[in-house]
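Hello,

Here is the structure I said I would pass on. My notes on its packing follow below it.

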Amino acid sequence: MLKNLINETLVSKKPDIPIWFLRQAGRHIPEYFEIRRKETNFINFCLNEDLIIKSTKLPLKYYDLDAAIIFSDILMIPWAMDRNVKFTKSFGPSLKPMIPNETKILQNVSINTKLKPLKNSIRFLRKDLPKSIGLIGFAGAPWTLASYMIEGRGSKDFIETRKALWSSNKWFKELIETLVIYIVDKLEMQAKAGADILMLFDSWSHMIPSCFFNDYAIKPTAKIVDILRSRKINVPIIGFPFKAGASIIKYSYESKVDCISLDWSVDLRWAIKNINKNIAIQGNLDPVSLIPLNSDSLREKVLNILDVMIEKRFIFNVGHGLTPDCKINNVKEVINIVRGYNRKNS
Ligand code: CP3
């Protein structure tokens with residue numbers, strides 16, 4: 001099982017390589033739109049237990065997977081902080097932008113109360129799903145959440161966020177520290193409700209100037225892990241420093257995560273050589289490889305990844321979320337390749 005694989009101490013024999021996909025629930029499965037139609041407001045969708053449960057289970061109906069990721073969004077923390085989060089079709093998320101030096105960074109938000117439907121859904125799902133399926137809870141990392149909160153939307157280069165960082169470092173630090181608290185609360189709540197694994201998405205970590213990477217990606221992550229451990233939350237934690245380049249070396253040693261999720265730009269042989277050997281690795285297949293109807297290199301590339309990773313604690317996954325135009329048959333094909341490889345090598 002995924003959890004055991006990450007927790008080395010629990011592995012008695014060489015485990016099979018498990019498989020799941022980032023953004024496995026969502027728009028590449030046509031049936032998602034039928035569920036989605038029941039609630040057009042995406043925030044309300046993420047607060048509706050019945051719809052959370054249906055969406056989380058949806059990919060398991062189509063695919064033989066080792067994990068389900070709870071259906072929610074990283075922007076539910078800014079929503080809980082009253083940042084007026086909205087999702088607009090073909091625009092994406094929008095929020096009330098934070099102004100640097102804004103004195104009132106919301107304190108005393110009860111994540112437990114505001115995100116109760118998330119907690120209840122995890123409770124239900126952990127009882128409902130087979131034990132062999134890992135249930136993954138998640139949160140956005142502080143830098144990534146701060147980026148959306150300052151920018152007020154997605155961005156190509158997050159200039160406003162970097163401006164805030166350079167012009168008002170003290171304020172920026174305070175914002176990050178506040179987010180650390182809410183992220184811990186959200187992750188703790190999910191683990192206590194039954195999530196077996198937690199994942200921290202730092203989707204915009206590649207926007208952090210390298211001289212600040214330690215302060216705004218590594219240290220806050222380590223702090224989140226430390227606080228969770230001090231609260232007796234012992235489930236494995238996966239970190240995802242998306243496209244952070246060579247900074248992932250230090251991240252792998254110092255962020256205290258148990259597993260690192262790698263994007264498609266990372267050479268796996270380089271990763272094995274350079275990153276912390278005591279943590280598990282996940283990811284790396286380019287999700288775009290799952291779009292073409294007839295890819296002549298998909299099988300070969302999947303097998304390459306498996307061959308490189310066979311002796312490692314490795315979770316097969318994509319290097320970023322599945323796209324809406326990804327093909328169900330390609331996802332099935334990749335799963336078959338991984339299952340066949342496991343059978344051959346067991
Ligand atoms: O299978 C799953 O992963 C589902 C759960 C999930 C969602 N968002 C659902 C979602 C997870 C783990 C996320 C994480 C998330 N959300 C991230 C980190 C991962 C990454 O992609 O880097 C980020 C940056 C977000 C913020 C976000 N949410 C954006 C930018 C958007 C709009 C762009 C888009 O892809 O539509 C969302 C909306 C969103 N979150 C959708 C889903 C299924 C699409 C909503 C819809 O229209 O139905």
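Tryptophan 143 is buried, with a relative accessible area of 0%, in what is a predicted model. Phenylalanine 172 is also buried at 0%. Tryptophan 143 belongs to helix H8 (residues 142-151) and phenylalanine 172 to helix H10, so their pairing ties together parts 29 residues apart in sequence.

Another tilted pair is phenylalanine 158 with tryptophan 204, with ring centres 4.5 Å apart and planes at 50 degrees. Phenylalanine 158 is in the loop between H8 and helix H9 (159-167), and tryptophan 204 is in the loop between strand S5 (197-202) and helix H11 (213-230), 46 residues away. Phenylalanine 158 is buried at 0% relative accessible area. Tryptophan 204 has 18% relative accessibility and still counts as buried, because the limit is under 20%.

In total there are 19 aromatic pairs. One aromatic cluster is made up of Tyr32, Phe33, Phe42, Phe45, Phe71 and Phe87.

Two lysines sit over rings. Lysine 114 lies over the face of tryptophan 79, 5.7 Å from the ring centre, and the charged end of lysine 186 is over the ring of phenylalanine 138, 4.9 Å from its centre.

The largest nonpolar core has 131 residues, and Phe21, Phe172, Leu290, Phe316 and Val334 touch the most other members. Helix H10 (residues 169-193) supplies the largest share, 13 residues. Beyond its neighbours within four places in sequence, phenylalanine 316 contacts residues including Ile17, Trp20, Leu285 and Val338.

Regards

Technical notes:
Residues numbered from 1 in each chain as written. Predicted model: local features only at pLDDT ≥ 70, side-chain atom pairs only at ≥ 80, totals over all residues. Heavy atoms only, no water. Core = buried A, V, L, I, M, F, W, Y, C linked by side-chain atoms within 4.5 Å. Buried < 20%, exposed > 50% of the residue type's maximum accessible area, 1.4 Å probe, protein only. Helix = DSSP H or I, 4+ residues; strand = E, 2+ residues; numbered from the N terminus. Contact = heavy atoms within 4.5 Å. Phe/Tyr/Trp six-rings, centres within 6.5 Å; stacked < 30°, edge-to-face > 60°. Lys NZ or Arg CZ within 6 Å of the ring centre and 35° of its normal.
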